Amino acid sequence: MLSRSAKHLYWLARYVERAENIARMIDVNLELILDFPDDHSLNWKPLIDTLDINDLFESKYKKYNENNVLNFLFEDKKNLSSLNNCLEMSKYNIETIKDDLPKTANISLNHLYDHILGQKISKVHQRKKLQHITNIVSMTQNFFGAINDNLSRGYEFEFIRLGRFVERTDMISRIIDCLCISKGSKQTHDFSTMEWISMLSTLSAQDAFRKESKGEANRGEVITFLLKNDSFPRSVFRSLITIEACLENLPKNTRLLQMINRIINISERSKLYNFDDRRLHLFLDNLQKNVSKIDSKIHTTYF
Amino acid sequence: MKLSWSKYELSKSYDEYITPKRTVRGHLRKIGNFFESLSFNDLQELDSATKSAIKSMGINFRVYSDEGSEERTWPLDFIPRIIKKSEWNIVEKGLKQRTKALNYFIEDCYNEQSFLNSGFINKSLITKSKYFLKFCKGTKLPNKSWAHISGSDLIKDINGDFHVLEDNLRVPSGVSYMLENRYVMKRVFPDLFSHYGVSKIDEYPTKLYECLLDASFSKLKNPEIVLLTPGIYNSAYYEHSYLAQQMGIDLVEGSDLIVKKNIVYKKTIEGLQKVDVIYRRIDDDYLDPEVGNPFSVIGVKGLIRAWKSKNVSIVNAPGCGIADDKAVYSFVPEMINFYLKEEPILPNIKTFMLSNKEERDYVFENIKQMVTKPVAESGGYGISIGKNLNEKEILKLKKLLMKDPKNYVAQPLIDLSTSPTFRRDSLFPRHLDLRPFILSGKQTYVTVGGLTRVALKRGSTVVNSSQGGGSKDTWIVDA
């Protein structure tokens with residue numbers, strides 16, 4: 001397989017997965033605000049914190065309000081993680097590999113492009129905003145569903161899966177980091193059940209969580225679930241195992257497998273339940289750094 | 001209302017379906033009757049079925065203009081162009097003969113130059129041409145194949161006889177559309193094919209693959225073959241991607257290849273992998289910044305060195321453009337005599353060299369009946385048709401020709417044949433040409449028929465898709 005094709009597949013998947021996660025974060029925030037209409041502490045800043053793009057945001061906007069943050073996250077040209085940019089980049093990456101993908105996957109991406117690139121978020125009626133964003137998630141799911149159902153298992157499939165789960169690991173750890181640390185520090189550890197549940201629902205993890213731990217959603221339970229659960233596909237641990245599975249099917253994988261095994265071992269051993277904010281942040285920071293090392297190694301090995 | 005040939009507009013040219021007495025030509029009687037059994041409604045339905053099949057298959061091409069480029073849906077007219085098998089067999093023989101002579105000529109130009117020294121041709125016409133690449137001198141290729149893949153444009157004159165209009169030896173395109181036209185037509189007229197004994201054309205990708213194998217310098221049984229494209233913005237990208245897929249080879253861009261110690265490799269996830277044959281769809285000048293355009297970003301640095309060392313085959317070979325020139329064209333009959341000791345089977349069109357004073361005077365006197373062409377352009381660009389010009393434009397044209405006469409040739413205007421073509425709600429005569437494709441490997445192969453191009457505007461003879469031309473499926477039938 002050509003290195004260039006592999007690279008395009010990998011980044012196509014990363015950008016679509018990133019778009020999905022950003023849409024999920026916005027979605028949950030919008031919903032949360034509906035539940036606490038007067039609570040000003042539930043502002044929009046954490047979304048920007050999560051993506052670590054505060055400087056860029058502040059160079060353009062003064063206030064972290066809904067309009068500014070949504071504009072910035074949807075269509076800002078300079079914000080490389082804006083939904084528009086993610087989709088433009090996915091478009092660029094799919095251009096020369098279209099023929100390697102199932103037709104249905106191409107069609108679902110075209111729907112997504114029409115949906116997002118054709119309309120400014122500020123022009124979407126308030127009443128339809130939530131639905132508009134929920135639709136993004138179902139469209140990206142459609143795309144990956146088409147890949148899962150129709151693409152033969154081989155290098156093409158593995159590079160898509162690899163890109164998707166590298167991106168997912170990174171995004172989940174950012175979401176947890178941001179919600180726990182930036183909010184936690186302001187509100188001194190006191191996070192209501194509601195907010196833990198919202199974090200779960202960002203990751204569509206509510207139902208899975210309830211089945212596994214029957215009790216109340218508290219900090220330790222939720223964090224342990226999202227980081228260490230080995231069967232929920234949107235947990236960090238499960239994502240790491242998936243990355244390992246992809247790498248096992250690729251050539252020249254010795255060094256990469258060593259690296260991913262190390263990360264998996266660390267995750268397994270760590271007793272997250274009792275971590276305080278500082279240790280949790282260190283843990284997540286370390287995880288992000290390690291994932292980024294894997295990403296660089298994937299580049300130097302295959303592309 | 002039903003279609004009736006008795007109401008068909010008679011053309012002044014040779015119509016391939018209908019005689020001047022408005023009867024259907026003998027070998028077309030069956031299909032002619034079939035179309036007469038259709039109503040205008042049926043015709044419209046067939047037209048939209050054709051269009052929607054093309055759309056859903058995503059068959060398109062790219063057109064460039066001052067405002068940038070855009071993708072357009074491929075225009076296919078659903079009325080097939082029909083040629084008798086007995087007639088085609090002669091054309092096929094003629095094309096094989098012609099292509100062989102041209103390939104011998106190219107190898108000769110870069111080696112002994114015996115044809116150039118024999119006095120048929122002004123030697124400097126070749127050695128001073130910008131398509132004469134000095135680095136090719138002394139190179140000999142397997143089977144003397146330089147233009148492995150070529151496409152000759154054929155036209156039928158007022159008597160219905162085929163002539164060669166030009167030979168495209170550099171990177172001729174259109175074969176994917178020939179294949180896709182057939183694919184669409186089978187979906188639109190599933191019943192007709194078995195009924196009329198239409199010859200198959202779908203072996204082309206296999207034959208192309210074999211031709212690429214034959215071009216290899218390597219003794220390997222399965223040499224590594226790739227198709228090199230300038231990228232997605234090229235007007236023929238659709239074709240590049242289609243052919244690579246059909247042959248199951250990698251479609252690469254310049255940046256996917258690297259030359260080390262005069263060996264070409266492609267960059268794969270498993271590391272560098274040696275490449276033996278490159279089917280390139282990039283012009284000579286952009287192939288290698290070391291010898292051609294130094295700013296080329298679509299080529300591969302060192303490619304020519306690798307080719308000179310016989311570590312990689314380039315198809316078509318660099319330098320074969322020397323025979324793709326409208327001045328050289330006029331000497332093809334002599335080449336056939338010279339190299340093959342045979343008489344040409346397919347006639348040329350009389351070509352006047354404007355650098356020769358006598359011929360130029362004749363052309364200027366009869367300019368209204370002439371077509372003038374720059375010798376080294378393709379795609380129908382730079383052509384002037386005398387009868388369409390007013391006095392002022394003729395003066396301007398003569399001035400232009402006088403400035404650089406050796407860069408132009410003139411040919412008498414040929415009345416291209418017509419075929420019924422669907423326009424709006426009925427069938428009208430429209431002018432045609434035909435581009436068969438010829439593969440030169442150990443053996444020479446000619447496509448069964450080729451790509452028929454049709455000028456969709458009334459009276460027009462411009463068939464290029466970039467300038468409003470359409471296409472037809474070409475049927476070679478037993479009759």
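In chain B, 69% of the contacts between residues at least 6 apart in sequence join residues at least 24 apart. Two residues are in contact if their C-beta atoms, placed from the backbone, lie within 7 Å. The model is predicted: local features need pLDDT of at least 70, side-chain atom pairs count only at pLDDT 80 or more, and totals for chains, interfaces and linings use all residues. Residues are numbered from 1 along each chain as its sequence is written, while chains are lettered from A and ligands numbered from 1 in the order in which they are written.

Chain B contains 15 helices and 22 strands. Helices (H or I, at least four residues) and strands (E, at least two) are DSSP runs, numbered from the N terminus. The radius of gyration of chain B is 23 Å, close to the 23 Å given by the globule rule for 479 residues, so chain B is as compact as a globular protein of that length. The radius is taken over C-alpha atoms, and the rule is 2.2 Å times the number of residues to the power 0.38. The C-alpha trace of chain B spans about 70 × 60 × 50 Å along its principal axes. Of the 479 residues in chain B, 44% are buried. A residue is buried if 20 or more other C-beta atoms lie within 10 Å of its own, exposed if 12 or fewer, and partly exposed in between.

B:Arg435 lies in strand S18 (residues 426-435) of chain B. B:Arg435 counts as buried because it has 26 C-beta neighbours inside 10 Å. Leaving aside neighbours within four places in sequence, B:Arg435 is in contact with B:Gly151, B:Asp153, B:Gly174, B:Gly450, B:Leu451 and B:Arg453. B:Arg435 and B:Pro80 are 355 residues apart in sequence and 15 Å apart in space, C-alpha to C-alpha.

In chain A, helix H1 (residues 3-35) and helix H9 (residues 193-202) pack at an angle of about 150°, with their axes 9 Å apart. Axes are lines fitted to C-alpha atoms, for helices over the stretch in contact, and angles run from 0 to 180 degrees between N-to-C directions. H1(A) and H9(A) are therefore roughly antiparallel (angles over 145 degrees). A:Arg24, A:Met25, A:Val28, A:Leu32 and A:Asp35 in H1(A) meet A:Met194, A:Ser198, A:Ser201 and A:Thr202 in H9(A).

The contact between the chains takes 13 residues from chain A and 11 residues from chain B. H1(A) supplies the largest share of the chain A side, three residues.

Definitions and conventions. Parallel < 35°, antiparallel > 145°, perpendicular 65-115°, else oblique.
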